[in-house]
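Morning, everyone. Today I want to talk about aromatic rings. Please bring up the model.

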Amino acid sequence: MKLVGTILWLLSLPIAANAQAIPGALPDSITALARGEWPAYAGTYAAARYSPLGQIDRGNARDLRVVWRWKSSDNAIKDGNPSVGPTRANESTPVMVGGTLYTSTTLSQVAAIDASTGETKWVFDPKVYENGLGIPANDGWLHRGIAYWRSGDDERVVILTAFAHMIALDARTGKPVPTFGRDGRVDLTQGLRRQVERDYYTMSSPPVIVRDVIVVGSSVMDWWRHRPSPPGDVRGFDVRTGRQLWTFNTVPQENEPGVETWEKESWKEAGNANVWAPMSADEELGYVYLPVSTPTNDYYGGHRPGDGLYGDSLVCLEATTGKKIWHYQLVRHGLWDYDTPAAPNLIDITVGERRIKAVAQVTKQAFVYVFDRLTGQPVWPIEDRPVPSSSVPGESAAKTQPFPSRPAPIDMQGLSEEDVIDLTPELRREALDIVARYDHGPLYTPPSQRGTIQVPGPAGSASWSGAAIDPETGMLYVGTYRLPFVVSVRKPRSGEASYDFIGEFRYLPGPRGLPLLKPPFGSLVAIDMNTGEHRWRIPVGRSSAFPAIAQLGIREQLGLPLRSWALVTKTVLVVVQMGYYGSPRLLAGSNRRVNDLANLDPHLWVYDKATGEMLAEVPLPANATGSPISYMSGGKQYIVFPVGGGPLVEELIAVAL
């Protein structure tokens with residue numbers, strides 16, 4: 001049987017030859033993809049989410065079935081230790097190297113799993129849930145993955161844990177590497193420009209490792225109770241020793257370029273502007289690309305006048321030194337929680353007759369910004385346009401914002417009466433009654449004291465699920481959904497915060513349990529990045545799962561307003577979709593609220609890459625909660641993705657022919 005598997009693996013290599021097209025990848029990464037591995041969070045640090053495998057194709061996609069399910073080691077800990085509290089979602093995307101999957105868990109454990117059978121090889125538990133700090137900042141217990149590094153016989157798995165530790169493990173044994181940091185561990189709350197508290201400072205996304213430097217972001221609490229809030233500075237560490245090599249201040253400090261964008265010396269206390277999303281890197285150039293988020297107090301900036309670099313920016317650094325190569329600020333003086341939400345996608349394109357090494361950044365506000373990744377020059381013109389002013393006392397919203405001329409927005413921007421649900425005249429009237437209760441307007445209408453309907457909302461259009469790239473054709477595929485939010489600002493109550501105003505937000509549903517905005521509620525958009533033209537849009541999700549839609553007798557699929565992930569292979573496009581979060585509930589013995597995760601009509605879809613034609617619709621036992629990957633093991637191509645979290649069993653699910 002081993003010989004048969006080897007023969008099948010060899011037969012797959014010609015199919016995988018086009019792995020050489022991966023932008024910015026070094027030969028080791030290209031070879032790993034060609035032999036059917038998935039060595040980084042998004043395949044490679046190009047963040048393409050592309051596999052050159054072709055065993056699964058349009059002719060057999062209907063034969064895909066669940067072949068194994070791995071239950072997370074977190075389940076037993078949660079069952080035996082109620083004080084841990086609920087997890088948010090099992091968002092970790094594994095990597096696969098040498099027949100072994102490596103994944104993190106919501107509780108920051110690391111597991112090695114047989115890629116063919118789903119059997120556990122080892123588990124490392126740092127027991128960060130025993131530190132007495134309760135639930136981590138922002139979204140609580142969740143984690144998105146690890147990084148793998150190899151030099152000769154030295155193979156390591158690096159995890160950035162909740163509550164901010166970096167741990168290097170021997171990939172073969174799961175034991176901490178004793179020469180890394182202190183007994184395999186580095187305390188990431190140390191070495192910053194000011195002291196931080198772990199309840200506001202944590203880690204959830206994997207680092208990137210380029211030229212033997214681990215580049216580390218952070219997740220900083222998006223709230224206003226701590227002043228100053230922790231800095232979101234990005235740092236580089238030696239992969240062998242854990243020694244800190246450099247720091248890039250995401251809020252420029254005294255005498256640094258960009259400090260002039262923080263008026264009234266607001267740089268002295270400004271925090272956040274962190275990189276919580278996954279990063280990407282050009283291994284050939286030695287550059288890393290940072291999606292930087294909003295500075296402190298997402299919805300009010302009266303205390304931080306000015307544009308506020310490098311908040312809401314795409315920043316390119318030299319990985320070995322931390323030196324800034326270029327930057328572009330996507331949102332000035334952010335007031336909308338329009339964090340740069342996903343790893344930038346590296347893509348080589350031909351515009352006219354010019355070959356360009358490009359980087360594309362999808363955003364919550366439904367733009368796709370495209371730059372030359374060497375220089376930061378926009379591939380297509382970006383226009384400064386006037387935007388609405390703020391009505392909140394003390395607030396000075398930016399007068400203009402940058403609007404890309406190409407590609408066109410991937411979804412609705414701003415809100416007008418023409419944008420509400422109109423499946424029937426009665427539904428439209430009821431939706432307009434809801435809209436009339438709040439302020440609304442074009443994109444970048446600031447939050448108000450009455451409440452502003454924000455479209456896209458803080459959860460996006462595009463989100464941390466990001467985009468996938470086909471390096472052979474130059475196509476970009478991005479999931480988007482229509483989730484309007486009401487964002488308001490108010491005076492803080494006594495002892496609540498020291499800012500003049502603080503922001504609040506909530507999802508705004510439409511009439512009769514339906515979405516407020518017209519369909520498609522969730523969709524996938526294909527863009528030809530050589531021209532910047534949209535090629536097609538398809539709804540994602542079976543809207544018949546809405547009882548109210550079914551009652552209307554509408555057979556056309558309108559999509560679901562849920563996050564989706566795309567995976568591109570040589571032959572097909574694969575899409576999975578998340579479930580939904582229910583009504584908030586108060587945690588026992590706490591003032592924190594959680595929304596429990598629930599499944600909703602879970603499926604895996606396979607599409608034709610060129611046309612969006614559906615080739616297969618595969619029922620699943622649970623909705624995906626993270627990005628799918630694809631690899632070859634034992635002569636078989638697998639698709640694997642995480643599911644569960646909260647009250648649901650946390651698992652990895654493997655699908656194959």
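One term before we start: a residue is buried when its relative accessible area is under 20%. Trp336 comes in at 2% relative accessibility, so Trp336 counts as buried. Keep in mind that this is a predicted model.

Now the rings. The model has 23 aromatic pairs. Take Trp141 and Phe163. Their arrangement is edge-to-face, with 5.7 Å centre to centre and 85° between the planes. Where do Trp141 and Phe163 lie? Trp141 is in the loop between strand 6 (120-124) and strand 7 (147-151), and Phe163 is in the loop between strand 8 (154-160) and strand 9 (165-170). So the pair ties together parts that are 22 residues apart in sequence. Trp141 is buried, at 1% relative accessibility. Phe163 is buried too, with a relative accessible area of 1%.

Back to Trp336. Trp336 pairs with Tyr444, edge-to-face, at 5.2 Å centre to centre and 65° between the planes. Trp336 sits in the loop between strand 20 (324-329) and strand 21 (345-351). Tyr444 sits in the loop between helix 4 (425-435) and strand 26 (452-454). This pair therefore ties together parts that are 108 residues apart in sequence. Tyr444 is buried, with a relative accessible area of 1%.

Trp336 and Tyr444 also belong to a cluster linked by ring pairs. Other members include Tyr289, Trp326, Phe367 and Phe403.

Last, charges over rings. The charged end of Arg88 sits over the ring of Tyr581, 3.8 Å from its centre. Lys491 lies over the face of Phe501, 4.7 Å from the ring centre.

Conventions. Residues are numbered from 1 along each chain as its sequence is written. This is a predicted model: local features need pLDDT of at least 70, side-chain atom pairs count only at pLDDT 80 or more; totals for chains, interfaces and linings use all residues. Side-chain values use heavy atoms; hydrogens and water are left out. Rings of Phe, Tyr and Trp (its six-membered ring) pair if their centres lie within 6.5 Å; planes under 30 degrees apart count as stacked, over 60 as edge-to-face and the rest as tilted. Helices (H or I, at least four residues) and strands (E, at least two) are DSSP runs, numbered from the N terminus. Buried means under 20% relative accessible area, exposed over 50%, partly exposed in between (1.4 Å probe, protein chains only). A charge sits over a ring if NZ of Lys or CZ of Arg is within 6 Å of the ring centre and within 35 degrees of the ring normal.
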